[in-house]
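Biologist: Let's go through this one together. Where do you want to start?

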Amino acid sequence: MAKSSTAKLFFLSSLSSSFGLRYLTTATTRTSLSFTFTCSRNITTRASKSNKKKQKAKVVVTAAAKNSVAVKEKRRTRSDKALDEHAIQCYVGDGGAAAPHIPVMLGEVVDVFFSKPLRSFVDCTVGAAGHSSAIIQAHPELKLYFGMDVDPVAYEKARARIDAILNGDSCHPTSNLKTHTVLKNFRHIKSVLSEVDKKLLDTGVDGILMDLGMSSMQASLRAEDILNSWPDTEVGRILREYGEESNWRSLQNKIVKARLHGGLHTTGEVADLIRNATPRTRGGRQGWIKTATRVFQALRIAVNDELKTLEDSLYSCFDCLTPGGRLAVISFHSLEDRIVKQTFLDIINSNEDDGDEEGRHRSELRKIRNDNGENEPWIKQMILGYRGAILTKRPITPSEEEERLNRRCRSAKLRVIQKVERE
């Protein structure tokens, strides 16, 4: 129910390591939001089901990895690419302050698509068009570009930036580059492509990017609704399952109790509640900030219903790739990264046991060969499967230099999958 013609509502602004939300002063609507609790309770993904199955994928170590010194880290590969300060400077505001949308791992994303001709490309979360701009400038052979987003502000910024690049002197002259910016969620990628050319669903596109940090702007249900209206058990489930928060029960009780005093309607109110609910023995100030990070991430996932949407969208995106095409995904939350990792494994291994032994042997000849280790040093280990190859057995994470410049990128993980090429 609207309390006034305008109200300060908080929305999740990004899937960054900081827990900041942004205030939006907006006209409140009287339109009721409907959602089904049973659906949110029973999110069961194909990825989670397949965890029980034994994966038969083959791991290939590239020459670059063999020749490098092994450094034991968490299960990731920290990028060793030098940061392009000139490119990043475009996204730094006055006085050196970081702009809201510095594209994460910009150079690494460009490298993913650099080794092969890129005639068609889809940015599923175009945001401020940071990655898209770099891709367009790096590929003068590009003929067809799609930029998707559901945030109207980001959509307009992306269109303006891409138009400026195409009409400016900084862009390599391209012949007949057709651009399509679409105000839609990435789950609709197939319909977006077919509306432009139905043949694209058969021929496919050469490259697709999903930056899940930008997808945080794709919410329709408000976090405020969850905190002030949803049953306490649902609030607890969201904190426990989506945020992986061990102190979920105490937080659940305090959130419900806050409703008796008017509820939670601003970022500050939520932050204060979390600070007061977090025991001082849990790491002091850093302890409650980490708790706040998990809480806001959990709310964002619930708001967007992203886990199921993400899994379905990964399948759709892979289906839209041309043979040899690549899909790159940047995730920021452990649950999202887990979905990406497992869904990639499911994709490349689907139908692996179909057919006879000779058929499977023929398919091995079609698998992506590991003959480009020197040309693509970012590929350390590959996982080969029936339908394609995962080019990042372990995710790539930002360089230490980039983390120092943009602290919001420190939880980012980049995973890449490539579709098998036909014989």
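Modeller: With a helix pair: α12 and α13 are oblique to each other. Keep in mind that this is a predicted model.

Biologist: What's the crossing angle for α12 and α13?

Modeller: Roughly 135°, with the two axes coming within 10 Å. α12 covers residues 248–258 and α13 covers residues 267–277. Roughly antiparallel would need an angle over 145 degrees, so the pair counts as oblique.

Biologist: Left-handed or right-handed, as α12 passes α13?

Modeller: Right-handed.

Biologist: Which residues make that contact?

Modeller: From α12, they are S250, L251, K254, I255 and A258. α13 brings L273, I274 and A277. Sorted by class, that is six nonpolar residues, one polar and one charged.

Biologist: Next pair. At what angle do α6 and α7 cross?

Modeller: Roughly 20°, and here too the axes come within 10 Å. α6 is residues 130–138, α7 is residues 152–167. With that angle, α6 is roughly parallel to α7. Their crossing is right-handed.

Biologist: And who touches whom there?

Modeller: S133, I136 and Q137 of α6 meet R161, I162, I165 and L166 of α7. The classes are four nonpolar, two polar and one charged.

Biologist: Zoom out for me. How many helices and strands are in the chain?

Modeller: The protein chain has 18 helices and 13 strands. It runs to 423 residues, 50% of them buried. For contacts between residues at least 6 apart in sequence, 77% link residues at least 24 apart.

Biologist: OK, the nonpolar core. Which members of the largest one touch the most other members?

Modeller: V122, I189, I208, M210, L314 and L327. That core holds 63 residues. Its largest share comes from helix α14, residues 284–304, which supplies ten. As a rule, nonpolar side chains in soluble globular proteins tend to be buried together.

Biologist: Take M210. What does it touch, sequence neighbours aside?

Modeller: Leaving out residues up to four places away, M210 touches C124, T125, F186, L310, S313, L314, C317, L327, A328, V329 and I330.

Biologist: How big is the second core?

Modeller: It has 31 residues and is separate. Among its members are L142, L209, F332 and I396.

Biologist: Switching to K116. Where is it?

Modeller: In the loop between α5 (106–112) and β5 (120–123). K116 is partly exposed, because its relative accessible area is 28%.

Biologist: What is K116 in contact with, beyond four places in sequence?

Modeller: H139, E141, G324, R326, Q418 and E421.

Biologist: What relative accessible area does E244 have?

Modeller: 38%, so E244 is partly exposed.

Note on methods:
Residues are numbered from 1 along each chain as its sequence is written. This is a predicted model: local features need pLDDT of at least 70, side-chain atom pairs count only at pLDDT 80 or more; totals for chains, interfaces and linings use all residues. Side-chain values use heavy atoms; hydrogens and water are left out. A nonpolar core is a set of buried Ala, Val, Leu, Ile, Met, Phe, Trp, Tyr and Cys residues joined through side-chain atoms within 4.5 Å. Buried means under 20% relative accessible area, exposed over 50%, partly exposed in between (1.4 Å probe, protein chains only). Helices (H or I, at least four residues) and strands (E, at least two) are DSSP runs, numbered from the N terminus. Contact means heavy atoms within 4.5 Å. Axes are lines fitted to C-alpha atoms, for helices over the stretch in contact, and angles run from 0 to 180 degrees between N-to-C directions. Angles under 35 degrees count as roughly parallel, over 145 as roughly antiparallel, 65 to 115 as roughly perpendicular and the rest as oblique. A crossing is left-handed if the near helix is turned anticlockwise from the far one by less than a right angle, and right-handed if clockwise. Ala, Val, Leu, Ile, Met, Phe, Trp, Tyr, Cys and Pro count as nonpolar, Asp, Glu, Lys and Arg as charged, and the others, Gly among them, as polar.
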